[in-house]
Structures are given as C-alpha cells and as structure tokens.
Amino acid sequence: MNGVSELGLFEQLQVVVPNQAQAIWLRDQLTLRQGICANLDFVVLLGPVLQNIYQANNSDAIFYDFNQAKFLIYSILCAERIECSDAAELNNYIYASDGSFDRLKAFQLASQLQSIFHEYLYLRTVELINLERSKFKNWQKLIWRKFISALDGKKTFLDIYRYFAEINLENVELKLPRQLFIFGLTSVYPSQLDIILKLSSQ
C-alpha cells in the first residue's frame, strides 16, 4: 500500500474487507510484494468501523447486541397481545383459535423479526427514524417502538446514522482514523455509504 508513509512506526492502518478469506489473501499478497505485512488491522465490513468512529466521539455509548434481539422481541410478544388495525395476521399466527398463546410460534416469529428489523436498520434506515411516515405495518411499528424503549438507552445503527447525518463537520472536529482503506467490497448498505461519503470530505 502506497501513500501511508506519514503513519507512525507502530500505528495501525485499518483495511475494510468483505470477509476473513479476503483479509488473508491480501495479507499474503502484501507480504510477497513488500517482504513484510505489519500493523494492518483488517476489519470485516463497514459496520465495526463506523461503530468505532461513533464510540471514539461518544465515549459513553453502549451498543446493543442485535443478535439478542429475538429474545427481547419474544418477551414483548409474551407480555401482552398486540392490538392495532392490522394486528389480526400477527395474532392469528401466535394465538390459537381458543385464544391460547403459542410460545413456540411466538419465538419463531421473534427470530424472523430480528432478521427483518436488522435489514430495516441498514436498508430502510430513514423510514425507521421517521417511523410515523413509514410504510411499515402498524403492528411492526408498535413492536419496534416497544423494542427501542426496552433498550434502555443502548445504541443501534440508527443512532450512528442519525449522529453523522445531523452533525455539521465544519463546526465539529471529529476523531477519525488518519487513513482508511476499503478493499474488495462488492456491495455497501446505502446508509453506510452515506456516512462514509460524508466523512471522506474531512
């Protein structure tokens, strides 16, 4: 990698790659060409990089592990019957004809909603921020509101996106990596690309 001579001898350079296999290949290629490959921090995908930048500028932030979301969503479904204009399709699935609650189906639904909401975080970010004007089903909106409330202040990608969307880079000096390389990414979430493009102006 050329053009990195200004980095300190022991300063790490972050390289964003699509997967660990690509990281190993790139490390091998650099070693063959330069005789050594040191002080490179290979990061898989942009998510961890953006989260680290956010945390560097918001040191008190605690992030929610979204892999645990299904358990929280399940507890929301168990706590009370979801009532809204289009909740029939939801309730007909997790409640039997006699009104009894089917915990297995509720957990299966919670697992599906974890995947759905995770996609919404990155692919429909602005809609989640402007939930009232979104085209999501009303029962999804209701569960999402309860979900966010239950996080008790822990952060998600929504907070990262909102922070960088609202910040005026001309008036704020952000703590940023001195250099960041992105290698081999064939696709990037539009919401993440928005942030990277804004930060690249600095």
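Student: What span should helix α7 have at 1.5 Å a residue, and how far apart are its end C-alpha atoms?

Tutor: Helix α7 covers residues 138-150, and at 1.5 Å a residue its 13 residues should span 18 Å; the end C-alpha atoms are 18 Å apart, which agrees. The expected span is 1.5 Å times one less than the number of residues. Helices (H or I, at least four residues) and strands (E, at least two) are DSSP runs, numbered from the N terminus. This is a predicted model, in which local features need pLDDT of at least 70 and side-chain atom pairs count only at pLDDT 80 or more, while totals for chains, interfaces and linings use all residues. Residues are numbered from 1 along each chain as its sequence is written, and side-chain values use heavy atoms, with hydrogens and water left out.

Student: Which residues of α7 are buried?

Tutor: They are Trp139, Gln140, Lys141, Ile143, Trp144 and Phe147. Buried means under 20% relative accessible area, exposed over 50%, and partly exposed in between (1.4 Å probe, protein chains only).

Student: And what covers them?

Tutor: The cover includes α3 (69-79), α4 (88-94), α5 (103-123), α6 (125-129) and α8 (157-166). Contact here means heavy atoms within 4.5 Å.

Student: Which residue with a positive phi follows α7?

Tutor: Asp152 follows α7, with a phi near 55°. Asp152 is not a glycine, yet its phi is positive. Its place is in the loop between α7 and α8.

Student: Is Asp152 buried or exposed?

Tutor: Asp152 is exposed, its relative accessible area being 71%.

Student: Changing topic: how many salt bridges are there?

Tutor: The structure holds 6 salt bridges. The criterion is a side-chain nitrogen of Lys or Arg within 4 Å of a carboxyl oxygen of Asp or Glu. Among them is the pair Glu89 and Lys137, at 3.1 Å from N to O.

Student: Where do Glu89 and Lys137 lie?

Tutor: Glu89 lies in helix α4 and Lys137 in the loop between α6 and α7, so this pair ties together parts that are 48 residues apart in sequence. Glu89 is partly exposed at 43% relative accessibility, and Lys137 is partly exposed at 38%.

Student: What about the pair Arg162 and Asp159?

Tutor: Their side chains meet in a salt bridge with an N to O distance of 3.8 Å. The two residues are 3 apart in helix α8, so about one helical turn separates them. Arg162 is partly exposed at 28% relative accessibility.

Student: Which side chain does Arg81 meet in a salt bridge?

Tutor: Arg81 meets Glu83, at 3.2 Å from N to O. Arg81 is partly exposed at 39%, whereas Glu83 counts as exposed at 52% relative accessibility.

Student: Moving to the strands, how do β1 and β2 run, and how many bridges join them?

Tutor: Strands β1 (residues 13-17) and β2 (residues 40-44) run parallel and are joined by 5 bridges. Two strands pair if DSSP finds at least two bridges between them. The chain crosses from β1 through helix α1 (residues 20-34) to β2 in a right-handed β-α-β crossover. Right-handed means that, with the strands pointing away from the viewer, the path from the first strand over the helix to the second runs clockwise.

Student: Which residue is the bridge partner of Leu13 in β2?

Tutor: That partner is Leu40.

Student: Last one: where is Ser191, and what is it in contact with?

Tutor: Ser191 is in helix α9 (residues 190-199) and counts as buried at 4% relative accessibility. Leaving aside neighbours within four places in sequence, Ser191 is in contact with Leu121, Tyr122, Thr125, Phe157 and Tyr161.
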